[in-house]
Amino acid sequence: MTASSPGQPQLHTLYAEHHDWLQAWLRNRLGCLFTAQDLAQDTFLRLVVRPRELDAGQHPRAYLTTIAQGLVVDHWRRAEIERVWMAAMLERPEATQPSAEHQAIVVETLIEVDRILASLADKPRQAFLLAQLHELTYAEIGTQLGVSERMVKKYMAQAMLHCLSAGAAFRAALA
């Protein structure tokens, strides 16, 4: 969506016409006005960061809903990661708990790892998690996934390459 394209709805017009509706839709989904406000803003921010042209015949609410739904899923995923992390911290003695800043860094790291793993194909992700979290051998993983040990090696290579590539992209973004 570009402001200079003739016949294209401009971003400020799209915002003015659909922001309240989108915020209400999000509030209905989430049950929280403040989170709905944040995600509505994030939806329009996505349009600023990655503009897309919309034809007059297209349905802007459907497009906004698609973006917002992805943000809702990300919100729920993040909330679940934070919930699990906080539950783990409650099991530790208070004296051994990391600082709030350190905890925030750990949660952000966990969210990034989750995002990277979620973008990996299903079988390589399963093989990687079984090897890393459950310390299964490739033969045991093959049995669980119903594939050969050689295929597990391929899955692991794919997963490791994917993680290394994502890590390199992340480091490049920070530079």
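How far apart do the end C-alpha atoms of residues 112-163 lie, and how much of the span is helix and how much strand? They lie 11 Å apart, and the span is 81% helix and 0% strand, where helices (H or I, at least four residues) and strands (E, at least two) are DSSP runs, numbered from the N terminus. This is a predicted model, in which local features need pLDDT of at least 70 and side-chain atom pairs count only at pLDDT 80 or more, while totals for chains, interfaces and linings use all residues. Residues are numbered from 1 along each chain as its sequence is written, and side-chain values use heavy atoms, with hydrogens and water left out.

**View 1. Helix 1 and its bend at H18.** Helix 1 covers residues 11-30 and spans only 25 Å between its end C-alpha atoms, whereas a straight helix of 20 residues would span 28 Å at 1.5 Å a residue; the expected span is 1.5 Å times one less than the number of residues. Helix 1 bends by about 50 degrees at H18, the bend being the angle between axes fitted to the seven residues ending at a residue and the seven starting there. Just after helix 1, G31 takes a positive phi of about 75 degrees.

**View 2. The buried residues of helix 1.** L14, H18, H19, L22, Q23, W25, L26 and L30 are buried, that is, under 20% relative accessible area, with exposed meaning over 50% and partly exposed in between (1.4 Å probe, protein chains only). An α-helix has 3.6 residues a turn, so residues three or four places apart point the same way. The buried residues of helix 1 pack against helix 2 (33-49) and helix 3 (60-90).

**View 3. Q103 in helix 4.** Q103 counts as buried because its relative accessibility is 13%. Leaving aside neighbours within four places in sequence, Q103 is in contact (heavy atoms within 4.5 Å) with W85, M86, M89, Q97 and P98.

**View 4. E135 in the loop between helix 5 (122-133) and helix 6 (138-145).** Phi of E135 is near 55 degrees, a positive value in a residue other than glycine. Most residues other than glycine have a negative phi. E135 counts as exposed because its relative accessibility is 67%.

**View 5. Residues 112-163 in the UniProt record.** For this span, an unreviewed UniProt entry lists "domain: RNA polymerase sigma factor 70 region 4 type"; UniProt positions are given in the numbering used here, feature names are shortened, and annotations may be inferred rather than shown by experiment.
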